[in-house]
Amino acid sequence: MAGNSSRRGAMRKGKKGATVGSGGVRRRALEGKGPTPRAEDRPYHKKYSASSGSGTGSGGQARRSGLSTKGGRKAPGSDLVAGRNAVLEALEEKVPATQLTVMVRMDSDERVREIMRLATAQGLPIAEASRTDLDRMTDHSVHQGVALTMPAYEYAEVDELLGIAAEAFETPLLVALDGITDPRNLGAVLRCADAFGAHGVILPERRSASMTASVWKVAAGAAGRVRVAQVTNLNRTLTSLKEQGVFVLGLDADGDVTSRGLELSTQPTVLVVGAEGKGLSRLAREISDQVVSIPMPGRAESLNASVAAAIALYEISGVRAAHGRA
């Protein structure tokens, strides 16, 4: 071999790039992509949240709600409604929301246009996110390119529920759910409570559905009209209500009395509804002043919890109306 030009792997000065290897072929892929963004500008960096209050326009509002206009993320304590039909229904019902997130370069249809119109009319900030970010935000649910962010629900205190009745000069009527884990049941119970004049719903923190976007969707406007309290210990709360003069009526298939003509309906009342199939828990049953059953001459062994609650509340409202008690 003579000269450097014949050595294998040598570089020729007159030609750009390498003669062997991938450096010359994929030179563009190795080009710099500009300076690294500041930590405060990267949505998933820990320093991002510290500066999330800055910014102007919809981008600033997006950051304040925990979402970035590039690379959305779910805000701590928030909840999401995903999917075009679900988001559209939520906006039509004016569910409280903090932001609408839409996928970049998404195919638009009539639903998307209506979603954008409603969001704009309601003054919601609108952010853009990639499909990957929306997948992450919605836990890989079928989002169809849109997601609505809702703030965490602010639960009431049980005393506030009694206060609502007092302010309206009405006899308290509350509903307590014992082991109801299906959000659709909770949403339906809220609608029933709203329809029959209940002053609030009580939920335990554990082994129970909570106020999520799914509940808001099922409850429609009722979730905004009926206050919900969440308690650490339901049985302790029921005992405390009894000490305040509120009668506890447990709803169960094996009841002491039927729901028709309940004499205690005219008194301050909390109706305790157990899960379908399981019924009331042992302690809730023991605490109850009366255990109420719904007469069922048909073949069904049990009713859906929300259906049973609706029937019982209807019966209670009927007795109160007959006695001139709201």
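**Exercise 1.** Which residues of helix H2 (residues 84-92) are buried?

*Solution.* The model is a predicted one, in which local features need pLDDT of at least 70, side-chain atom pairs count only at pLDDT 80 or more, and totals for chains, interfaces and linings use all residues. Residues are numbered from 1 along each chain as its sequence is written, and side-chain values use heavy atoms, with hydrogens and water left out.

Step 1. Buried means under 20% relative accessible area, exposed over 50%, and partly exposed in between (1.4 Å probe, protein chains only). Helices (H or I, at least four residues) and strands (E, at least two) are DSSP runs, numbered from the N terminus.

Step 2. In H2, the buried residues are Arg-84, Ala-86, Val-87, Leu-88, Ala-90 and Leu-91.

Step 3. Their cover includes strands E1 (79-82), E2 (99-103) and E4 (146-150), together with helices H3 (110-121) and H7 (213-219).

Step 4. After H2 comes Lys-94, with a positive phi near 55°.

**Exercise 2.** Describe the salt bridge between Asp-109 and Arg-84, then that between Asp-252 and Arg-285.

*Solution.* Step 1. A salt bridge is a side-chain nitrogen of Lys or Arg within 4 Å of a carboxyl oxygen of Asp or Glu. The whole structure holds nine salt bridges.

Step 1. Asp-109 and Arg-84 meet at 3.0 Å, N to O. This pair links distant parts of the chain, 25 residues apart: Asp-109 is in the loop between E2 and H3, and Arg-84 is in helix H2. Arg-84 is buried at 11% relative accessible area, whereas Asp-109 is partly exposed at 22%. A network of salt bridges links Arg-84, Asp-109 and Arg-111.

Step 2. Asp-252 and Arg-285 meet at 3.1 Å, N to O. Here too the pair links distant parts of the chain, with Asp-252 in the loop between strand E8 (247-251) and E9 and Arg-285 in helix H9, 33 residues apart. Asp-252 is buried at 12%, and Arg-285 is partly exposed at 30%.

**Exercise 3.** Why is one side of strand E7 (228-231) and of strand E9 (257-258) left without a neighbour in the sheet?

*Solution.* Step 1. Two strands pair if DSSP finds at least two bridges between them. The open sheet has seven strands in the order E7-E6-E5-E10-E8-E11-E9, with parallel pairing.

Step 1. E7 and E9 stand at the edges and each has a single partner strand, so one side of each lacks a neighbour in the sheet.

Step 2. E9 is joined to strand E11 (residues 290-293) by two bridges, and the two strands run parallel. Thr-258 stands opposite Ser-293 in E11.

**Exercise 4.** Which residues have the most contacts inside the largest nonpolar core?

*Solution.* Step 1. A nonpolar core is a set of buried Ala, Val, Leu, Ile, Met, Phe, Trp, Tyr and Cys residues joined through side-chain atoms within 4.5 Å.

Step 1. The largest such core has 63 residues, and Leu-177, Leu-190, Val-201 and Met-211 have the most contacts inside it. Helix H10 (residues 305-322) gives the most to this core, with seven residues.

Step 2. A second, separate core has 18 residues, including Val-158, Ala-176, Leu-234 and Leu-280.

Step 3. Helix H10 also holds Arg-320.

Terms used:
Contact means heavy atoms within 4.5 Å.
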